[in-house]
Amino acid sequence: MLIVMRHGATEEELQKVITVIREMGYQARPMPGAQRTAVGLVGNDGKVDPSRLEGLTGVAEVIHVSKPYKQVSREWKPENTVVRLAGGVTFGGTDVVAIAGPCSVESERQIIDAARLVREAGAVVLRGGAFKPRSSPYSFQGLGRPALTLLAKAREETGLLICTEAMDVDGMGWVSEVADIVQIGARNMQNFSLLRAAGRVGKPILLKRGIAATITELLLSAEYVLAEGNQEVILCERGVRGFDTITRNLFDVAAIPVVQKLSHLPIIADPSHGTGLREKVLPMARAAVAAGADGIMVEVHPNPEDAQSDGAQSLYPDQFAQLMREVRVIAEVIGRRIAEPASVGA
């Protein structure tokens, strides 16, 4: 439920609404906005009787949020959420943010070389897995905690922000000490204990769509994070499992505008996992930016043929440089711009 205040409502009237909500046994979430000030009522399992709230001074209307996800929906918050990071990097505004780097951190030389290469081409966030969830238990699982130290060193040398994945509640603590963005991967999209921990960690969360998840399920997973108090969630379309084996996944470009209509949260695209094929990453990244994605997440490796994971979908550095040139043109056509590395590190 959303309690919308009248234009010019006083702070005392606002606080009265908050007090009444708490007296009713629910939680109050004040939401100052550009167009209106509202108070969200959360913690209810069913419909709430609005009569006690409708009669309060300063209340313009009470809106029942119809979606199963509440705080994530446009009904709850009409304006876009803009997630702000160090150095002026923003998701959800005018900028389109490029996140790039290898699938996994393999060595100090590899991750620093990758960071320098993607920064030179125009990325502002470095991706790289310290912990790697793999389908086979015999595949490379990542370096673990030592990789977090290497990511921190890459940030120190290049100024790039860091995005890396937390796989469990214990790892959330380790990752959040280093990462500027904590990623929750597709396999963990419905790991509800991990989502709750993400809601309490105090860092922006990048939440990837599960391989068989509907858009509604993705938004409900995001609701878990917001329900714990963390409003800084970035969604990621990375493809869902289809029946055709020619590509790794079915890259759902249409999910981008659909999510943007349903939710105020920013959404980026991962065409690397969406296709699994290097030559398909560039056209799908271009399509994602044209469709309105707030960013792209691309795997780039200094030597993809030597990569210990996902080499087939990792771009060569010159391919990534070409991609950045192309998406700059597309972003300009639709009234946006690619975030610049020069702004990072402030």
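**Helix H7 and its surroundings**

Reply: Ile215, Leu218, Leu219, Ser221, Ala222, Glu223, Val225 and Leu226 are the buried residues of helix H7. The model is a predicted one. H7 covers residues 215-227, 13 residues in all. From its first C-alpha to its last it reaches 18 Å, close to the 18 Å expected at 1.5 Å a residue. An α-helix makes a turn every 3.6 residues, so residues three or four places apart point the same way. Among the buried residues of H7 are Leu218 and Ala222, and also Ser221 and Val225.

What do the buried residues of H7 pack against? Their partners are strand S2, helix H6 (192-200), strand S11 (205-208), strand S12 (233-237) and helix H8 (255-262). After H7 comes Gly229, which has a positive phi near 110 degrees.

Take S12 next, as one of the elements that the buried residues of H7 pack against. S12 is mostly covered, with five of its five residues buried. Val233, Leu235 and Glu237 lie on one side of S12, and Ile234 and Cys236 on the other. Both faces of the strand are therefore covered, in the sense that these residues are under 20% relative accessible area. S12 pairs with S11 in the parallel sense, over four bridges. Within this pairing, Lys208 stands opposite Cys236 in S12.

S2 is another element that the buried residues of H7 pack against. S2 belongs to an open sheet of four strands, in the order S2-S3-S1-S4, with antiparallel pairing. S2 (27-32) and S4 stand at the edges of this sheet, and each has a single partner strand, so one side of each is left without a neighbour in the sheet. From one strand to the next, the twist averages 20 degrees. Strands of a sheet pair through backbone hydrogen bonds, in either a parallel or an antiparallel sense.

The pairings can be followed across the sheet from S2. S2 joins S3 in the antiparallel sense over six bridges, and Gln27 stands opposite Val42 in S3. S3 (residues 37-42) is in turn joined to S1 by three bridges, again antiparallel. S1 is also joined to S4 (residues 59-63), by four antiparallel bridges.

Is S1 covered on one face or on both? Both faces of S1 (residues 2-5) are covered, with Leu2 and Val4 buried on one side and Ile3 and Met5 buried on the other. Helix H1 (residues 11-23) lies across S1, S2, S3 and S4. H1 runs at about 5 degrees to S3.

Ala293 is found in the loop between helix H10 (278-290) and strand S14. Ala293 is buried, with a relative accessible area of 0%. Leaving out residues up to four places away in sequence, Ala293 touches Val96, Ile256, Gln260, Ile267, Ile268, Ala269, Ala288 and Arg336. Two of these, Ile256 and Gln260, have numbers that fall in H8 (255-262), one of the elements against which the buried residues of H7 pack. Ala293 and Val97 are 196 residues apart in sequence, yet their C-alpha atoms are 9.1 Å apart in space.

Asp310 is found in the loop between S14 (295-299) and helix H11 (317-333). Most residues other than glycine have a negative phi. Asp310 is not a glycine, but its phi is positive, about 60 degrees. With a relative accessible area of 18%, Asp310 counts as buried, because the limit is under 20%.

One more part to view is a helix pair, H3 (residues 108-121) and H4. Their axes come within 9 Å and cross at roughly 40 degrees, and the crossing is right-handed. On the H3 side the contact is made by Glu108, Ile111, Ile112, Ala115, Arg116 and Arg119. On the H4 side these meet Leu150, Leu151, Lys153, Ala154, Glu157 and Thr158. The residues of this contact divide into six nonpolar, one polar and five charged. Leu160 lies in the loop between H4 (145-158) and strand S9 (161-165), and is buried with a relative accessible area of 0%. Leu160 and Ala123 are 37 residues apart in sequence and 7.9 Å apart from C-alpha to C-alpha.

Note on methods: Residues numbered from 1 in each chain as written. Predicted model: local features only at pLDDT ≥ 70, side-chain atom pairs only at ≥ 80, totals over all residues. Heavy atoms only, no water. Helix = DSSP H or I, 4+ residues; strand = E, 2+ residues; numbered from the N terminus. Buried < 20%, exposed > 50% of the residue type's maximum accessible area, 1.4 Å probe, protein only. Axes fitted to C-alpha atoms, helices over the stretch in contact; angles between N-to-C directions. Left-handed = near helix turned anticlockwise from the far one by under 90°. Contact = heavy atoms within 4.5 Å. Nonpolar A, V, L, I, M, F, W, Y, C, P; charged D, E, K, R; others polar. Pairing = 2+ DSSP bridges. Expected span 1.5 Å × (residues − 1).
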